[in-house]
Amino acid sequence: MDLAQFREYCVGKADATEDLPFGPDVLVFKVGGKMFALTALDEMPTTVNLKCHPDWALDLRDRYEEVRPGYHMNKKHWNTVKIEGSIPDAELRKMIDHSYDLVVETLPKSRVTVRARSRRSSTAARRARR
């Protein structure tokens with residue numbers, strides 16, 4: 001996965017936004033105003049910071065040399081991941097999904113209305129078809 005693919009995957013998440021709050025060189029992805037991923041645009045090789053459950057964070061660090069404690073982040077809850085390494089794209093997408101989901105779980109219900117409405121709408125549509 002390269003930086004363009006990473007960016008495309010992150011902005012494709014429901015209600016995800018991108019911003020440059022730390023200056024022109026750090027791209028941040030948020031949901032509900034909270035960060036779930038960030039990357040330095042001028043860094044080579046490309047690394048990203050992703051939120052992670054502490055137990056899984058340790059497991060990922062043991063399995064992949066491209067995963068280390070989060071640089072300039074809470075090392076218990078964030079990993080820095082080299083995305084252009086040997087980690088399979090499917091595993092990287094799983095890490096991004098996990099980070100996004102961890103943040104969404106902490107949001108007040110008022111900030112996740114789109115997801116709730118979508119579920120209700122699809123349930124109502126199924127019932128109407130019966």
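Colleague: Hi! Which side chain does the side chain of Y9 make a polar contact with?

Modeller: Hello! In this predicted model, the partner is the side chain of D97, at 2.7 Å.

Colleague: Nice. Where is Y9, and what else does Y9 touch?

Modeller: Y9 belongs to helix α1, which covers residues 3-11. Leaving aside residues up to four places away in sequence, Y9 touches R93 and I96 as well as D97. Y9 and I96 are 87 residues apart in sequence, yet their C-alpha atoms are 8.4 Å apart in space.

Colleague: How does Y9 count, buried, partly exposed or exposed?

Modeller: Y9 counts as partly exposed because its relative accessibility is 25%, and buried would need a value under 20%.

Colleague: New topic: how many aromatic pairs are there in the whole structure?

Modeller: The search finds 3. One of them is F6 with F29, an edge-to-face pair with 5.6 Å centre to centre and 85 degrees between the planes. F6 is in helix α1 and F29 in strand β2, so to speak distant parts of the chain, 23 residues apart. Both F6 and F29 are buried.

Colleague: And F36 with Y100, why is that pair edge-to-face?

Modeller: Because the ring planes are at 85 degrees, with the centres 5.3 Å apart. F36 lies in strand β3 and Y100 in helix α3, so this pair ties together parts 64 residues apart in sequence. F6, F29, F36 and Y100 form one aromatic cluster.

Colleague: What sits over the ring of Y100?

Modeller: That's the charged end of K13, 4.9 Å from the ring centre.

Conventions: Residues are numbered from 1 along each chain as its sequence is written. This is a predicted model: local features need pLDDT of at least 70, side-chain atom pairs count only at pLDDT 80 or more; totals for chains, interfaces and linings use all residues. Side-chain values use heavy atoms; hydrogens and water are left out. Helices (H or I, at least four residues) and strands (E, at least two) are DSSP runs, numbered from the N terminus. Buried means under 20% relative accessible area, exposed over 50%, partly exposed in between (1.4 Å probe, protein chains only). Contact means heavy atoms within 4.5 Å. A polar contact is a pair of N or O atoms within 3.5 Å; within protein, one must be able to donate a hydrogen and the other to accept it, and residues adjacent in sequence count only if both atoms are side-chain atoms. Rings of Phe, Tyr and Trp (its six-membered ring) pair if their centres lie within 6.5 Å; planes under 30 degrees apart count as stacked, over 60 as edge-to-face and the rest as tilted. A charge sits over a ring if NZ of Lys or CZ of Arg is within 6 Å of the ring centre and within 35 degrees of the ring normal.
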